[in-house]
Amino acid sequence: MSVFILRRLMQSLVLLCVMTVIVFAGIYAIGNPIDILISADASQEEYDRAVRALGLDLPLWEQYFVFLGNLAQGDLGKSFVFNEPALQLVLSRLPATLELAFAAMLISITVGIPLGMWAGLRPDGIAGRSIMAGSILGFSLPNFWQGLMLIMIFAVFLQWLPAGGRGPTASFLGMESTLFSAEGWSHLILPALNLALFKTSLVIRLTRAGVRETLLLDYVKFARAKGLSTGRVIFVHVFKNILIPLVTVIGLELGSVIAFAVVTETIFAWPGIGKLIIDSIFVLDRPVIVAYLIVIVLMFIVINLVVDILYSVLDPRVRLADMKS
Amino acid sequence: MSNAVLKVENLQTHFFTKAGVVKSVDDVSFEIGRGKIMGLVGESGSGKSVSGFSIMGLVDPPGRIVGGRILFHGQDLVGLPEAEMRKIRGRRIAMIFQDPMMTLNPVLRIDTQMIETIQAHEKVDHETARQRSRDALGQVGIPSPEERLSAYPHQFSGGMRQRVAIAIALLHKPELIIADEPTTALDVTIQAQILYEMQKLVAEQNMGLIWVTHDLSVVAGLADELCVMYAGRIVERGPVGQIVDDPIHPYTKGLIGSVPSRNPRGQPLTQIPGMAPTPIDLPPGCPFRPRCARADAACETTPPVEEHRPGRFARCFHPHLEDAA
């Protein structure tokens with residue numbers, strides 16, 4: 001177990017290094033941030049001063065080693081634009097995205113799994129067919145359009161919920177979040193729904209496929225032949241088996257929800273990291289981009305680790321010591 | 001056999017598929033007494049497994065029992081409410097499946113799967129149920145049953161898993177066991193052990209056993225009575241020794257003629273010409289007609305079951321009666 005985790009951490013370190021090299025090279029290829037940051041009529045002296053101040057006068061490989069040196073001391077540099085520590089900037093935006101992502105995943109799990117199981121158990125019923133048709137809709141409706149519709153219906157016509165922004169936060173157990181205030185929830189519901197729709201469809205289809213597949217297996221028939229009640233067969237024998245693929249996909253999706261909540265955050269003016277990274281890419285604010293990516297990669301690594309550990313809990317055939325990667 | 005455990009009368013189980021009606025079991029009748037073993041032999045798709053599932057009430061849609069009666073101690077199981085059927089399944093009629101690798105749920109421990117079987121039918125506390133499970137494992141020859149209870153199925157070999165499945169089937173001392181090719185997936189040595197074990201248990205507990213198989217040589221040494229199925233019908237029924245030595249139905253004769261060990265060395269094996277018919281929309285008449293050397297115009301109507309000799313039933317207009325010993 002500890003060997004497994006240690007090996008994982010080593011791999012993660014290599015991954016981070018490779019990622020930063022790619023980002024450095026990538027941003028260098030796109031253009032010089034100075035051209036964007038400084039006004040066009042600035043004098044040559046001003047220009048040179050700015051270049052030196054940002055450390056952009058050094059060759060790229062040297063810039064990279066300066067960055068690595070600072071990284072070793074926990075310093076990810078200052079944002080070119082905000083002149084604030086990049087990591088602090090990213091972390092200050094992270095809670096907003098995290099609460100959005102978790103709310104969305106919560107919706108997709110609590111709605112998706114029961115609906116998927118229903119559709120799997122009664123594939124030919126009206127409800128089952130409707131659920132599947134709905135999931136196709138959830139897959140295919142463009143995210144931004146669906147977000148705008150939510151705003152139109154619930155914020156403009158019905159005026160039940162605010163159209164955008166993040167509500168006031170409240171503190172609970174030392175954590176600041178909108179989840180702990182009623183008004184915060186009212187701001188959260190629409191963007192969370194918007195983000196959850198696609199994931200819910202995914203969970204529905206995955207659950208349904210798993211149920212359909214598992215129901216045909218001999219051990220389910222054997223469980224019925226033992227005289228077990230239908231409830232026990234479905235909620236123990238079938239459910240425990242479909243959880244294995246579900247946990248994998250939900251884990252991966254949680255990562256992608258955090259990383260790619262950009263569209264939703266933009267539509268609902270949600271002050272999360274998705275919006276921050278888009279703005280930073282526009283102005284080639286390299287320290288912020290790198291800090292963001294480091295945080296996201298770390299998060300993916302942690303999620304994958306948790307998924308692997310959950311895997312071994314759910315599936316007795318998997319033992320972490322045997323896992324190679 | 002007036003003290004029959006099970007009496008099947010004119011059972012018909014059909015599958016209503018898009019391609020047409022598959023008459024998997026068509027007008028099948030047999031009976032089995034206490035302490036008796038009945039072999040149900042046939043090729044793949046001949047309806048022998050479906051007969052077993054029909055008795056268990058485990059025929060899945062699009063399949064349905066469309067006619068006949070299944071009398072279990074005089075009580076008709078056809079049309080019995082699911083709740084009533086559940087009380088019989090696993091407690092009074094148990095089933096063992098073909099592939100021991102698939103019959104145990106991979107994510108549940110052996111004790112869970114055994115205890116739930118006991119508790120599905122009896123109000124027993126966990127500890128008592130566990131003890132009974134342990135005793136049942138010991139009974140089927142699993143070494144150190146106490147430790148093995150806490151193991152998962154993947155930690156057992158195929159033969160051991162089949163023993164576990166048999167132990168589960170025996171937990172409630174059922175009056176009838178339906179064994180659906182339980183040794184087909186096992187090594188020959190393990191097969192012999194399991195056969196011996198089952199024979200012993202049937203004698204000890206005075207239960208009925210239906211042994212479904214495609215392997216005539218297995219049944220020949222095991223069963224008391226034999227039913228030979230072809231395309232959903234029982235074409236020949238009678239005491240096993242008599243059928244093997246002196247088959248009446250041309251299909252049975254062909255089947256026995258193609259068993260290697262019964263033929264003199266160096267001689268080519270006799271084969272039944274042609275292929276087993278596709279079971280969708282069978283034409284009326286004897287289904288074996290196209291492959292039968294004795295077929296004539298009379299065979300275009302379905303032959304009835306006739307008692308050609310005492311205790312020897314067959315569905316044929318041209319039975320092999322002339323070469324009687």
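This is a predicted model: local features need pLDDT of at least 70, side-chain atom pairs count only at pLDDT 80 or more; totals for chains, interfaces and linings use all residues.
On the chain A side, helix H9, residues 218-225, and helix H10, residues 230-259, each supply at least two of the residues that touch chain B. Sorted by class, that side of chain A is made up of 9 nonpolar, 4 polar and 8 charged residues.

Let me turn to the extent of the contact, which takes 21 residues from chain A and 28 residues from chain B. Between them the two chains bury about 2,300 Å², and 62% of that area is on carbon and sulfur atoms. Within chain A, the residues that lose the most area to chain B are A:Lys221, A:Phe222 and A:Lys226, which together account for 29% of what that side buries.

Now to chain B itself, where 8 strands form an open sheet with mixed pairing, in the order S6-S7-S8-S3-S9-S10-S12-S11. Its edges are strand S6, residues 93-96, and strand S11, each of which pairs on one side only, and the twist from one strand to the next averages 20 degrees.

Both senses of pairing can be followed on screen. Strand S3, residues 37-41, and strand S9, residues 225-230, of chain B run parallel over 4 bridges, with B:Met38 bridged to B:Glu225 in S9. Strand S11, residues 306-309, and strand S12, residues 312-314, of chain B are instead antiparallel over 3 bridges, and here B:Glu306 has B:Ala314 of S12 as its bridge partner. These two strands, S11 and S12 of chain B, form a hairpin with 2 residues between them, and B:Gly311 in the turn has a positive phi of about 80 degrees.

Finally, the helices on this sheet. Helix H8 of chain B, residues 188-205, lies across S3, S6, S7 and strand S8, residues 208-213, and runs at about 155 degrees to S8.

Key. Residues are numbered from 1 along each chain as its sequence is written. Chains are lettered from A and ligands numbered from 1 in the order in which they are written. Side-chain values use heavy atoms; hydrogens and water are left out. Contact means heavy atoms within 4.5 Å. Buried area is the accessible area (1.4 Å probe) that two parts lose on being put together, summed over both. Ala, Val, Leu, Ile, Met, Phe, Trp, Tyr, Cys and Pro count as nonpolar, Asp, Glu, Lys and Arg as charged, and the others, Gly among them, as polar. Two strands pair if DSSP finds at least two bridges between them. Axes are lines fitted to C-alpha atoms, for helices over the stretch in contact, and angles run from 0 to 180 degrees between N-to-C directions.
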